[in-house]
Amino acid sequence: MHNDYASFFIHKRKAAIDMEQIKISVRNLVEFILRSGDIDNRHGRAAPKEAMQEGSRIHRKIQRRMGASYQSEVPLKIELERERYTMILEGRADGLIVEEDDTAIDEIKGIYQDVNFLEKPVEVHLAQAKCYAYIYAVQQNLPEISVQMTYCNLDTEEIRRFRESYSFLEIQEWFERLIAAYEKWADFQYEAKIERNTSIAKLQFPFPYREGQRELAGDVYRTISRGKILFIQAPTGTGKTITTVFPAVKAVGEGLADKVFYLTAKTITRTVAKEAFDLLREQGYQGRVITITAKEKLCFCEEMDCNPVHCMYAKGHYDRVNDAVFHLLQRERDITREALLHQAEEFQVCPFELCLDVSLWVDDIICDYNYVFDPNVYLKRFFSEGTKGDYLFLVDEAHNLADRAREMYSAVLYKEDFLKFQKVMKVHSRKCAQLLGRCNKHLLELKRQCETYEVLDQIGDLVFDLIRLGSLMEEFFQKEINFPEKKEVQEFYLKLRHFLNMYERIDENYVIYTEHEVEKRFKLKLFCVNPAVNLQERLDKGKSTVFFSATLLPIQYYKKLLSAKEDNYAVYAKTVFEQRQHFLAVGTDVSSKYTRRTEREFGKIADYIYQAAKGKKGNYMVFFPSYKMMYQVWEKFLEINHALEEADCICQESGMTEQEREVFLGMFSENRAKTLIGFCVMGGIFAEGIDLKREALIGVFVVGTGLPQISNEREILKQFYQEREGAGFEYAFRYPGMNKVLQAAGRVIRTKEDRGVILLLDERFLEEGYQRLFPREWENLQQVRVSQVRRAVEEFWNGEWEG
């Protein structure tokens, strides 16, 4: 992909005579301008709001039933000239009915609410249809036009329609008032975009380029310009964050994209991303940047119960929030948590919803994977059904996304919950209780057929009753009934809805199975084994994606798990770190295999740790495959270490609080009197995302190959990929295990000045199957035995070892 760097940022601009365009969808316009009232979670999940993606199937079904006079999915667009820009309003009407005596726009909304409860159309739904009606009436020069609202219950498929006719003058006056209310927002977009792009044109890369950085920035820019997907294996030392952010921002300034989403799995990487944008800010970058903070960290209330009874900020929120957003955008370019809280308090609005609304108007959004990929959490403001944008997705620590996506797109129900809530609902709804009982019987039958776990071909009969149950529970929650277990029942209902929504996605990438869990609970799971298709659906909402990580090996494995496309790019970035900075060795006379986990072997591992740490006083971390094994070796090590006389030892504990984590890491200071050894778990909170530089950490010892624990689900994964790729063990065990090893090893050598020891304590690392997964930087692998390791480490630190 490498060409002359001078060509990277050349892009053909529009002729100067072209007016700037401000685009907005019909749906976003009406939902933004016309919203009012309270935030209220007391009713069903989707009442009366439209159920978005879940309704697409119903849309198609209704459209197919209509006659010859009905046209489906009609694209409509109108350009409104203003002094400085052209406002483009566009969307897609669900239906157009052209008859001899009348023309009507049909807007279809799938809802979970009983359609008979609707007395009239929801205002924003009707407004959406009226916008389409106005556009079509203008285009066809019609003196009058009708609007038909079609509501369909997603469970029962019962339909209710509302129809009304408007003269052209009526609908024109209404439309002009709507646009007038939006003009100040369009003015803001125009002015902010000009200011942003002018500042971007002056930006320079904030540091002298390291080796390979210029080429990598070019690869990112070229990928964006071509609208493609890029996978980057970016070892520590490549400066991957700024080297992806800088070309992405440049691409936005050149008109190749509109917005940057920087997606991460952990808080620490969100901080690093914000620091990269801050570097550009120091050069005069005028784009607006927001970090989306989790709801629980923004909420003013002790308990998140979002309704006007329990939260003063929920009451009248939508009446005030637009003013709060506009005022904040005028005042701030870095939208921090503190700025959001201050603004929410001043305008008496929900800080989390304010945060999400502000994100619509900023240029760069730093957030968790969930806000793009999770079907229950994704930002519907950007990614709802039928919408897409010129968005850039920068996916950091992308190795985490595969398992996260499997979790997002899988769904679980437990038999015991149906029995529990059947008893609860007997008092409040006989119909719900009866259906809960029927579903429980279905699950009981599946339980009788299951010994340990059972893969199922289909669960159609159960799903039919689950759909009916969902519909009844939705109706039930329309009533103002309060009882002690209501919150639990609502949470169960949301899980039921998620299960049904995921069932709609079932294809060859899913496995349906039942399992008797250790806790004696019986589980039914829709397991998304291969999340690539679901992830690609989200990626297609944007223009281009860059996946990057220091441990994206083997890259073909991640290309198959994270995208369904075949023409994606991949590069291996160069690191400035040199081989001589680390001593890398395999212990050839030790193993963490289950068959070798004996007191003798634990003693040998403890001796390895002791001898290696004796090679130089300093701070070390040891990573184990499990807490159990960590404690077993810990006990042996304490015997060797003579009751902590020669080295201080600390041990990671399960469920550590944020404060406890900080205390643990705070122990790794650079000026300690004695050696410090931290016992940790691979894949845990200290195995990635921490940055201990120079003398804060001089060695990492990795015990074992990181293989995930054997389980029924791992066996399903193994069988799936054995049939699909002929590599069941690799996909289910070796690749995820090796990723944990690489992440743990990456805790040492964080800067060009660092030196350190990486010790791999398992003879299996000598096997070809593991060595071909080693990064290029591990070419200088040594072999040691426990009797040799201390001397080898001393030679490294004394400069007698050249690497």
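Which residue does the side chain of E794 meet in a salt bridge? Select E794 and R791 to find out: their side chains pair at 4.0 Å, N to O. Keep in mind that this is a predicted model.

**Stop one: helix 27**

Stay with this pair. Helix 27 covers residues 789–797. E794 and R791 sit three residues apart in this helix, so about one helical turn separates them. Now look at how open each residue is. E794 is partly exposed, with a relative accessible area of 21%. R791 is partly exposed too, at 44%.

E795 and R791 are four residues apart in helix 27, and about one helical turn lies between them. E795 counts as partly exposed, with 25% relative accessibility.

Move to E601 and show its side chain. Is E601 buried or exposed? E601 counts as buried, because its relative accessibility is 3% and the cut-off for buried is under 20%. Now select R596. The side chains of E601 and R596 form a salt bridge, with 3.1 Å from N to O. R596 is partly exposed, at a relative accessible area of 25%.

**Stop three: a network**

Select R35, E353, D357 and R381 together. What links these four residues? A network of salt bridges joins R35, E353, D357 and R381. Across the model, the salt bridges number 51.

**Stop four: helix 6**

Now pick residues 240–253, which make up helix 6. How many of the residues of helix 6 are buried? The count is 14 of the 14, so the rest of the structure largely encloses this helix.

Check the length of helix 6 next. At 1.5 Å a residue, its 14 residues should span 20 Å. The C-alpha atoms at its ends are 20 Å apart, which agrees.

**Last stop: G255**

Step just past the end of helix 6 and select G255. What phi does G255 take? The phi of G255 is positive, at about 85°.

How values were computed: Residues are numbered from 1 along each chain as its sequence is written. This is a predicted model: local features need pLDDT of at least 70, side-chain atom pairs count only at pLDDT 80 or more; totals for chains, interfaces and linings use all residues. Side-chain values use heavy atoms; hydrogens and water are left out. Buried means under 20% relative accessible area, exposed over 50%, partly exposed in between (1.4 Å probe, protein chains only). Helices (H or I, at least four residues) and strands (E, at least two) are DSSP runs, numbered from the N terminus. The expected span of a helix is 1.5 Å times one less than its number of residues.
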